[in-house]
Amino acid sequence: IDIDVCDLRLVEELGKGINGPVNKMEHIRSGEVMAVKKIQHISYDPLDEKRLLMDLETNMKSKKLPHTVKFYGALYYEGDVWICMEVMDTSLDKFYHKVYALNRTIPEEIIGQIAICVIVALQKLKQELKIAHRDVKPSNILLNRDGEVKICDYGISGRLENSLTQSYVGTQMYMAPEYIDPAKDRRKGFSVRADVWSLGLTLMEIAIGQFPYKKCESAFQQVKVVVHGNPPRLPEGKYSAEFSDFIATCLTKEEEKRPKFIGLLEHPFIIRAKENSDVNLGAFVREILDGSS
Ligand code: ADP
Ligand code: MG
């Protein structure tokens, strides 16, 4: 669809990120409802960046990637960029907080299904668009009542936001040790292995109901703990050996020893999850969001 800012009507606010709000909006002429992310005050766009964004935009529009929110287009409006994408019912961060508020936990089988979808999505993203995600975390994994799992904020949105927020603010850090270690040379670029680390932290977080690292005073402290400390592990006794090993595998500190997504697909936890086809993710999402399935 061809979208114009005047054709969009606000339905409700879905959430707020550091760069601006994400709103549910209706495209009046088509009746299509979408999520619109406003990235505020883009003042300067180097030519390279712009070309890159345009390339990505075309690619993202033309390629249909599995388990990835549909991208409708980017609008430029009064110095802001509006990213229009498919709307989902919730994100993993909101969802797990709801689950724990109900005194429940997310079963391993459910986490397995989510893991498969995210791994497939990230692997295809790399294969088809030649990009790593760079911002894998619970709020960038979306769910709906049909039991669909989709990643968002890759590509355009991710690039704009990364260039905006040069340094990371906040104390929850999903970045891999090799990527934040000031002693390491980062010029060789971002590897998908860093996304594997972030995925490990994300899945561990939704399993235990809190961010796996202890709260730190500052981002500086957090960097120290991630770079020099032992990686987090699932507590013993509560989870299957396969799941514990899967998390430990994702959270391998040495980049070279950490598998890529292809490797992860061979892990016993994922193989078991693939065989377990009677898990009803949609029913679980409806149960948590609506109190009935
Ligand atoms: P962050 O991901 O850092 O929380 P964002 O600005 O990307 O910040 O998103 C803010 C919130 O908006 C997210 O936490 C999520 O709950 C919600 N959100 C983002 N995109 C969508 C979408 N396509 N559908 C539904 N909710 C979304
Ligand atoms: Mg996001």
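**Gln113.** I began with Gln113, which is found in helix H3; helices here are DSSP runs of H or I with at least four residues, strands are E runs of at least two, and both are numbered from the N terminus. The model is a predicted one, in which local features need pLDDT of at least 70 and side-chain atom pairs count only at pLDDT 80 or more, while totals for chains, interfaces and linings use all residues. Residues are numbered from 1 along each chain as its sequence is written, and chains are lettered from A and ligands numbered from 1 in the order in which they are written.

Is Gln113 buried or exposed? I found 20 or more to be the cut-off for buried, counting other C-beta atoms within 10 Å of the residue's own, with 12 or fewer for exposed, partly exposed in between, and C-beta atoms placed from the backbone. Gln113 has 21 such atoms, so it is buried.

I then looked up what Gln113 touches, taking contact as C-beta atoms, placed from the backbone, within 7 Å. Not counting residues up to four places away in sequence, Gln113 touches Ala273, Val279 and Leu281. The C-alpha atoms of Gln113 and Asn276 are separated by 8.7 Å, although the two are 163 residues apart along the chain.

**Helix H3.** The 22 residues of H3 should span 32 Å, and the end C-alpha atoms are 31 Å apart, which agrees. Just after H3, Lys130 takes a positive phi of about 60°.

**Other positive phi values.** Arg134, in the loop between H3 and E7, has a phi near 80°. Arg134 counts as buried, with 21 C-beta neighbours inside 10 Å. His67 lies in the loop between helix H1 (47-62) and strand E4 (71-77), and its phi is near 55°. His67 is buried as well, with 20 other C-beta atoms within 10 Å.

Leaving aside neighbours within four places in sequence, the contacts of Met34 include Tyr72, Cys84 and Met85.

**Ligand 1.** Which residues come nearest to ligand 1? Of the 20 around it, they are Gly15, Gly17, Ala35, Ser91 and Ser139; the cut-off is a C-beta atom, placed from the backbone, within 6 Å of the molecule. Strand E1 gives the most to this shell, four residues. Strand E3 (32-39), strand E5 (80-86) and helix H2 (92-101) are among the elements that each supply at least two.

I noted an open sheet of three strands, in the order E6-E7-E8, with antiparallel pairing; strands pair if DSSP finds at least two bridges between them. Strands E6 (90-91) and E8 (149-151) stand at the edges with a single partner strand each, so one side of each is left without a neighbour in the sheet. E7 (residues 141-143) and E8 pair over three bridges. Leu142 stands opposite Lys150 in E8.

Technical notes. Contact = placed C-beta atoms within 7 Å. Expected span 1.5 Å × (residues − 1).
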